[in-house]
Each structure stands twice: as C-alpha cells, then as structure tokens.
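Visitor: I am new to this structure and would like a close look at a single part of it. Please take the salt bridges and the elements they join.

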Amino acid sequence: MFQLRGAPEGEGSAYVEQRLRRGGKVMVSGPLGSSYLRAWHAGPVLLVAGGSGLAPMLSILRTLLARDGSTRVLLYFGVRSERDVYHERLLAGLAADHGNFCYHIVLSAPGRESGRRQGLVHEAVAEDLADASGYTAYLAGPPAMVEAAGELLLSRGIATCDIHADAFRSRPAAW
C-alpha cells in the first residue's frame, strides 16, 4: 500500500501530482528498514507510526489481527494536526472488532483545541508504557520519531532485537 501526501516542497508528491498518470510506470526501492512482521514473537506488539508510517503498520496490524485474536496490539499514530489524521474509521472499526487492539492518535501541533492527545508520539508511549520488556515493537515514520521511540523503548526494557524500524531515510537505523 502506498500513501502519499502532497507537500509544496516535496519532489515525490509533486511528481505524482503533476506528471504521473494512470498506467504510468514507477520504480520503487525498499523497504530499507527492518519493520516487517516477525512470525515467531508471541508477546504483545507495539506499533508506532509517524505520518505516512501508518501504511506499513496497517499491514502488520491487519496480519496480526487476522491470525491471532489474543495477542495484545497497541498502535500509536502521530501526526501534526487534525488535517493529517487519516484511516481513523478503519482504526476504529478494527478496535471495535478486536478486543485485543487499541490505538491512540497523537497531535504534535494541533493548532486549535482538540480532544486528542497532544505532544510527540513517543511521549504518549512513554506516558502509557512503563515497562516494554516482552514487547516486539515496529516503528515507521520520520527518522527523529523512529530514533526517539527506539531510545525510549530501550530505556523501558525492550530487547534491541525486538525493535524493528523503518525510518524514512536512505539507510536503516543502527538497531
């Protein structure tokens, strides 16, 4: 699944908007990180997504929920403002259908009063998860978010081998 958001300074989104046409061909590389579902982990799963990092997290989430109704799955989805929130109905439906899944949407720059959590997405994880040992974590999004979430989880007891990340950059994270 590809999710693109137009950005005035974005070369990729400008190309898609202005030049790419139905049936056109594109070359895609990646993924360059390690954030793909591991079949062997039996404990709880933490998904942390920033912006379009929700796309790979949805793939992991759907697979987990389809194969196992007992594994606890937490999703934290961070965006700047209300206009950046997407797939909320999908997430609400999945949560309603699967008692083992819950999600949190976090706004970093809401710009107006909002009933949602505010701040950085990794800070919301820090507020809710005192002990990450036993979890497997999948992270995807901007490099700063992925790095901050990874460092937080390490400080909360998760094993390095249980963090799988796709920071949207040209090379994978060190862990």
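Guide: What follows goes through the salt bridges one by one and then turns to the sheet around them.

This is a predicted model, in which local features need pLDDT of at least 70 and side-chain atom pairs count only at pLDDT 80 or more, while totals for chains, interfaces and linings use all residues. Residues are numbered from 1 along each chain as its sequence is written, and side-chain values use heavy atoms, with hydrogens and water left out.

A salt bridge here is a side-chain nitrogen of Lys or Arg within 4 Å of a carboxyl oxygen of Asp or Glu. The whole structure holds 4 salt bridges. One of them pairs arginine 116 with glutamate 82, with 2.8 Å between the closest N and O atoms. Arginine 116 sits in the loop between β3 (101–107) and β4 (117–118), and glutamate 82 in the loop between β2 (73–79) and α3 (88–97), so that distant parts of the chain, 34 residues apart, are linked. Helices (H or I, at least four residues) and strands (E, at least two) are DSSP runs, numbered from the N terminus.

Arginine 116 also forms a salt bridge with glutamate 88, at 2.7 Å between the closest N and O atoms. Because glutamate 88 belongs to helix α3 and arginine 116 to the loop between β3 and β4, this pair ties together parts 28 residues apart in sequence. Glutamate 82 has 24% relative accessibility and counts as partly exposed; buried means under 20% relative accessible area, exposed over 50%, and partly exposed in between (1.4 Å probe, protein chains only). Glutamate 88 is partly exposed as well, at 31%.

Another salt bridge joins the side chains of arginine 117 and aspartate 128, 2.6 Å from N to O. Arginine 117 is in strand β4 and aspartate 128 in helix α4 (residues 121–128), so this pair ties together parts 11 residues apart in sequence. Arginine 117 is partly exposed at 23%, and aspartate 128 is partly exposed at 38%. Through shared partners, salt bridges join Glu82, Glu88 and Arg116 into one network.

Strand β4 leads on to the sheet. Its 6 strands form an open sheet in the order β4-β3-β2-β1-β5-β6, with parallel pairing; two strands pair if DSSP finds at least two bridges between them. β4 and β6 (163–167) are at the edges with a single partner strand each, so one side of each has no neighbour in the sheet. β3 and β4 pair in the parallel sense over 2 bridges.
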